[in-house]
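Open your viewer and get ready to click along. We will go from one pair of side chains out to the whole picture, one selection at a time.

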Amino acid sequence: MPKRARQTPEINSSSMADIAFLLLIFFLVTTTIANDKGLFLLLPPDPDQLEDLDIKIPERNLFKIQINSADRLLVENEPLTDTDELKGMIREFVLNNGRDPESSDNPQKAIVSLKTDRGTTQKKFIEVLDQIKGAYHDIYAGRAGVSNKKWRELAADHTDPEDDRLYEMGRGVLPDGKPEIPMNISIAEPTKIGG
Amino acid sequence: MSKFKKKADAKQEIPTSALPDIIFMLLFFFMVTTVLRESSINVKQVIPEARELTKLQKKSLVKHLYIGEPKKTEIWGKEPKIQANDAFIDTKDIILWVSREKAKMKEHEREQITIDLKVDEEAKRGLISDVELQLRKANARKLLYTTRQRVEI
């Protein structure tokens with residue numbers, strides 16, 4: 001009898017690691033790391049509820065980018081082969097401030113218009129949209145004195161007062177509360193020329 | 001001599017009692033950082049690459065639409081289709097789908113609904129602009145085109 005009482009009640013835990021490994025492998029296989037990253041865009045309101053306002057925008061304030069069904073680019077009515085050149089062109093256009101009479105009056109009025117065909121692939125569209133976004137992000141980041149990457153983090157979440165200050169510095173605030181350099185991207189209804 | 005003997009007696013084993021704890025830590029990391037896949041994707045998804053990605057903060061506000069060529073082309077044909085949750089839907093059904101998704105959300109968050117378009121890079125703009133028009137009509141104007149980060153070489 002005393003022999004039994006002396007036995008220490010110990011559970012063998014050497015297989016604990018194996019059990020944990022099994023669970024770990026299960027989760028590794030069944031899950032995907034959520035990927036909610038991409039290019040954000042705000043669509044215009046419902047076309048049926050918009051009043052038929054025929055606003056004339058002067059040609060100089062429009063930066064026209066057209067893509068046809070063969071994924072070829074036409075920028076300001078001239079063909080362009082290297083998409084990477086767009087970023088610099090948009091930057092110059094937005095920050096023109098009336099210097100060049102052919103380019104925009106000021107950043108508030110500058111609009112980048114992107115028109116595609118129904119046959120344009122999403123790949124090309126994203127490539128061009130990326131360039132437009134990049135141009136604006138670079139402008140903002142330069143004004144706020146942060147890196148482009150840091151700026152994009154700020155834009156997603158600027159609840160921290162310091163972040164908010166930088167965010168306002170980058171975009172600039174006009175007396176009426178509107179941003180000094182708004183991101184005016186217009187995505188037009190695609191044409192139906194190509195299949 | 002006695003000194004020498006003592007050293008030889010030293011334990012050679014590495015204590016493994018902390019191993020389960022380490023593994024559990026890894027396990028918890030993966031449990032927290034990953035999300036269980038909600039629906040199986042039935043369309044081809046080669047996501048285009050871009051540089052200027054932004055991240056969305058609130059996951060609960062995001063609803064996904066998958067667009068691309070169906071994986072089972074013998075049943076569904078080769079034309080790109082729209083997948084919402086587990087089924088293929090037509091462009092005209094998008095308004096209904098949005099209102100259903102909104103109904104599932106908390107009341108004060110409904111207007112902040114963000115639609116995440118996961119579009120195959122081969123899909124044509126025609127279909128996507130039709131989807132965008134329906135989203136405008138459904139008053140779900142926040143849009144995200146999912147892209148992968150382009151790696152600079």
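## Stop one: a charged pair

Select B:Glu52 and A:Lys87: their side chains meet in a salt bridge, at 3.6 Å from N to O. A salt bridge here is a side-chain nitrogen of Lys or Arg within 4 Å of a carboxyl oxygen of Asp or Glu. Between chain B and chain A, the count is four salt bridges.

Before you go on, a word on what you are viewing. This is a predicted model, in which local features need pLDDT of at least 70 and side-chain atom pairs count only at pLDDT 80 or more, while totals for chains, interfaces and linings use all residues. Residues are numbered from 1 along each chain as its sequence is written, chains are lettered from A and ligands numbered from 1 in the order in which they are written, and side-chain values use heavy atoms, leaving out hydrogens and water.

## Stop two: the whole interface

Now select both sides of the contact (heavy atoms within 4.5 Å). Chain B brings 55 residues and chain A brings 52 residues. Together the chains bury about 5000 Å², with 62% of it on carbon and sulfur atoms; buried area is the accessible area (1.4 Å probe) that two parts lose on being put together, summed over both. In chain B, the residues that lose the most area to chain A are B:Glu52, B:Arg125 and B:Arg136, together 17% of what that side buries.

## Stop three: a sheet built from two chains

Which strands make up the open sheet? Colour these seven, in order: β3(B)-β2(A)-β8(B)-β7(B)-β4(B)-β5(B)-β6(B), with mixed pairing. Strands (E, at least two residues) and helices (H or I, at least four) are DSSP runs, numbered from the N terminus, and two strands pair if DSSP finds at least two bridges between them. At the edges sit β3 (54-55) and β6 (87-89) of chain B, each pairing on one side only.

Zoom in on β2 of chain A, residues 37-42, which is joined by five bridges to β8 of chain B, residues 142-146, running antiparallel. Click A:Leu41 to find its bridge partner in β8(B), B:Leu143. Two bridges also join β2(A) to β3(B), again antiparallel. There, A:Lys37 has B:Lys55 as its bridge partner.

## Last stop: a helix across the strands

Finally, select helix α5 of chain B, residues 125-137. This helix lies across β4 (62-68), β5 (81-84), β7 (114-119) and β8 of chain B, at about 155° to β8(B). Such angles run from 0 to 180 degrees between N-to-C directions, with axes as lines fitted to C-alpha atoms, for helices over the stretch in contact.
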